Structure formats: structure tokens, C-alpha cells
Amino acid sequence: MAGTKKERKRCKEFIEWLLHQRRGTPTVSDVADRDDCTEMHIPDNCKGWVTGNRGSELRRVEEETGTYMFMALDRRGEERLLIFSADEGTKMGTGGRMHAERLINEMVQDKLREDGNRGGRSDSRSRSRRRSPSGRRGNSRRRSPSRRRGRSDSRRR
């Protein structure tokens with residue numbers, strides 16, 4: 001770790017939280033006094049959609065925005081999304097916490113719209129995911145034909 005004392009302290013906290021995630025959801029009591037954190041409350045029915053398989057959607061947004069984010073419990077045991085970066089970003093710019101917040105809000109809105117349209121379309125989820133701006137989300141969860149074939153061949157034996 002390198003940087004100012006404040007940067008080294010943040011890095012140590014980030015590493016501790018990252019390691020804690022291996023054992024479960026970390027508790028981060030109070031972020032109100034931090035100047036490097038944005039807190040978002042995600043509706044329960046959208047949490048899986050926003051995080052993705054094993055956190056893949058959060059990692060994608062982190063990569064795109066230069067942030068560090070994870071779901072954490074507050075002191076009351078309620079789960080929320082924390083977005084960390086020294087770069088606050090701008091409302092319409094790329095990079096930083098505001099950009100990450102905007103992308104997460106778009107994902108939540110996509111999910112809420114999809115849930116509202118679910119009436120007669122059984123395949124609306126996959127279509128909605130494929131239309132994403134990055135074009136990567138829809139295919140990130142599918143297995144390639146070769147892996148599928150390999151798995152079914154091993155079951156036949």
C-alpha cells in the first residue's frame with residue numbers, strides 16, 4: 001500500500017471488507033461522515049439483478065466507473081449497496097461514484113419495468129438483459145455450447 005495516510009487507511013479498510021465478504025455480508029456501520037462513499041438502497045426484488053451471478057454485474061460497473069462497491073449491512077442489519085471512490089464524478093460524466101450510481105439506477109429501473117411487463121412474456125428477462133448499453137450483460141450468464149456439451153457427455157458415462 002502506498003499513498004497518503006488517509007489513502008493507506010482507506011486501502012486497509014477496503015481489503016478488510018473484501019476479505020470479510022468471503023465469510024458473508026460485511027457490516028459497515030456508518031458511512032455518513034465519509035467523503036468517499038455513496039450509499040444506495042436497492043429494492044429487495046432487484047438485489048439479485050443488480051449484483052449478478054457471484055457479483056458479476058457489480059464488478060462490471062466497478063470496472064467501467066473506477067469504483068469499489070459491495071452490499072453491506074448497516075448497524076440495524078439492513079442491507080444496502082455502498083459505492084466507494086475518491087472520485088465523486090459528475091451527473092453525466094464517466095467514472096466516479098455518480099456514474100456508478102447512475103448505472104445501478106438504470107439496472108433497477110430495467111428490473112422494475114421488466115417485472116411490470118411480465119404478464120404474457122416468459123422470455124422478457126433475457127431480452128431486457130441483451131439490450132443493455134454495454135451489450136455484455138445478456139450473454140455473461142450463459143454457458144458456451146462446448147461447456148454444456150462437455151457436462152452432458154460426462155453425465156452419460
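This is a predicted model: local features need pLDDT of at least 70, side-chain atom pairs count only at pLDDT 80 or more; totals for chains, interfaces and linings use all residues.
Visitor: Is strand E3 (residues 79-84) largely enclosed or largely open, and why?
Guide: Buried here means under 20% relative accessible area. Five of the six residues of E3 are buried, so the rest of the structure leaves this strand largely enclosed.

Visitor: Which residue of E3 is the bridge partner of Thr38?
Guide: Let's begin with the strands. Strand E1 (residues 37-40) pairs with E3 in the antiparallel sense, over four bridges. Within E3, the partner of Thr38 is Ile83.

Visitor: And which residue of E3 is the bridge partner of Met71?
Guide: Strand E2 (residues 68-73) also runs antiparallel to E3, and six bridges join the two. In E3, Met71 finds its bridge partner in Leu81.

Visitor: Which residue takes a positive phi in the hairpin of E2 and E3?
Guide: Look at the stretch linking the two strands, where five residues lie between E2 and E3. There, with a phi near 85 degrees, you will find Gly77.

Visitor: Which element gives the largest share of the lining of the second largest pocket?
Guide: This pocket holds about 220 Å³ of space. Helix H3 (56-65) and E2 are the elements that give two or more residues to its lining. The largest share, three residues, comes from E2.

Visitor: How many residues of that lining are charged?
Guide: The lining includes Arg54, Arg59, Phe70 and Met71. Sorted by kind, the lining has five nonpolar residues and five polar ones, and the charged residues number two.

Notes: Residues are numbered from 1 along each chain as its sequence is written. Side-chain values use heavy atoms; hydrogens and water are left out. Buried means under 20% relative accessible area, exposed over 50%, partly exposed in between (1.4 Å probe, protein chains only). Two strands pair if DSSP finds at least two bridges between them. On a 1 Å grid over the protein atoms alone, a cavity is a set of points where a 1.4 Å probe fits but cannot get out, and a pocket is an open set with protein on both sides within 12 Å along at least five of seven lines; lining residues have an atom within 4 Å of a point. Grid points are joined across faces, edges and corners, and a volume is the space filled by probe spheres set on the points. Ala, Val, Leu, Ile, Met, Phe, Trp, Tyr, Cys and Pro count as nonpolar, Asp, Glu, Lys and Arg as charged, and the others, Gly among them, as polar.
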